[in-house]
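Colleague: I am new to this structure and would like a short tour. Could we begin with the whole chain and then turn to details?

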Amino acid sequence: MLPIKLNLPEGFLEEEVRCGYTVTTDCKKLWAVELDLLAEFDRVCKKHGLTYFADGGTLLGAVRHQGFIPWDDDVDVIMYREDYEKLAKVAEQEFQHPYFFQSPYTDPGLVTGGSKLRNSNTTLISDFDHKRPFRNKGIFIDIFILDNLPDSEFQMKIYKRVLKCYWRVLRYASYYDGYFKTDRTNSLKAHVVGRMALALKHIVGIERLRGGYTMCCSRYRNKNTARIGDTESSRGKFQFQKELYNPKDVSCIPFEHIQIPVPNHYNEILSILYGDYMVMKKIAGVHRALRYDAETPYEEYGQMAR
């Protein structure tokens, strides 16, 4: 039995063919857990007056398919940092078991890239997870953060470079002991950087490094810039005019059997992300999940796999 509160339409979990692609019952169960997480996330945001938007493949799926892209395996949302910080303050109180708000502060093995809302009574173990020491490995949705970006191209170039350096230091400082040090496929440069990052971690402390990274991401928060972007996960790779994500210019449209908020300027956003987004291109799921189980807690799944 799925550990969810959301009521599913009759027949939702049945295997079906969408756009020539077979969506299995197991995949439908994964989707059901993610929809439940999304509904719980939406409940908390509405309760506290927080604005969020469908993002990435979820935005594309909502616009093009009125639901999941048939070969997709995840849900992405994005919100301004001000709203994200308010969410983080109430998360522990609002998200009760099996829901778990995973951030670098609630599960220190998570390095950067916004946060995740997970269902602890499920399992999703991707091909990256053996490298990452975070504890909770339940099925999740991604929560990304929008920050102001500098308007000057020169400043943007420096800004992205600093973000990349911070991210690399945090990544190596968190992973080096458990993965990089023993992986002989890594280059000599990777091991040198790893040891330097580990030394910084011991001298400065991981909390101060995380704080510095957050300050860097949000350094333009009080400036009236015209551009915004996701700094935590993509480090400003995609940049948007701020009016494209106007909190007052949002519509709710169908996503499977629930409603999800999308920016009314979704055409411009999706064109920046995907080009001609109405042309379907089948690709592997972003997380390339090796194993998932929508009905078994990740702790039990790990014991069963031994």
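**The chain as a whole**

Modeller: Of the 306 residues in the protein chain, 51% are buried, where buried means under 20% relative accessible area, exposed means over 50%, and partly exposed lies in between (1.4 Å probe, protein chains only). This is a predicted model, in which local features need pLDDT of at least 70, side-chain atom pairs count only at pLDDT 80 or more, and totals for chains, interfaces and linings use all residues. Residues are numbered from 1 along each chain as its sequence is written, and side-chain values use heavy atoms, with hydrogens and water left out.

Colleague: How many helices and strands are there in the protein chain?

Modeller: The protein chain has 9 helices and 13 strands. These are DSSP runs numbered from the N terminus: H or I over at least four residues for helices, E over at least two for strands.

Colleague: What share of the contacts with a separation of 6 or more is between residues 24 or more positions apart?

Modeller: That share is 70% in the protein chain; a contact means heavy atoms within 4.5 Å.

Colleague: Let us take a single residue. Where does valine 44 lie, and is it buried or exposed?

Modeller: Valine 44 belongs to helix 1 (residues 25-47). It counts as buried because its relative accessibility is 0%.

Colleague: Which residues is valine 44 in contact with, leaving aside neighbours within four places in sequence?

Modeller: They are Leu87, Val90, Glu94 and Phe95. Valine 44 and glutamate 94 are 50 residues apart in sequence, yet their C-alpha atoms are 6.8 Å apart in space.

Colleague: Changing topic, which residues of helix 6 are buried?

Modeller: The buried residues of helix 6 are Ile206, Leu209, Arg210, Gly212, Tyr213, Cys216 and Cys217. They lie on the same side of helix 6 because they cover an arc of only 160° around the axis, the arc being that of the directions from the helix axis to the C-beta atoms. Arg208 and Met215, on the other side of helix 6, are exposed.

Colleague: How many disulfides are there?

Modeller: The count is 0 disulfides, a disulfide being a pair of cysteine sulfur atoms within 2.5 Å.
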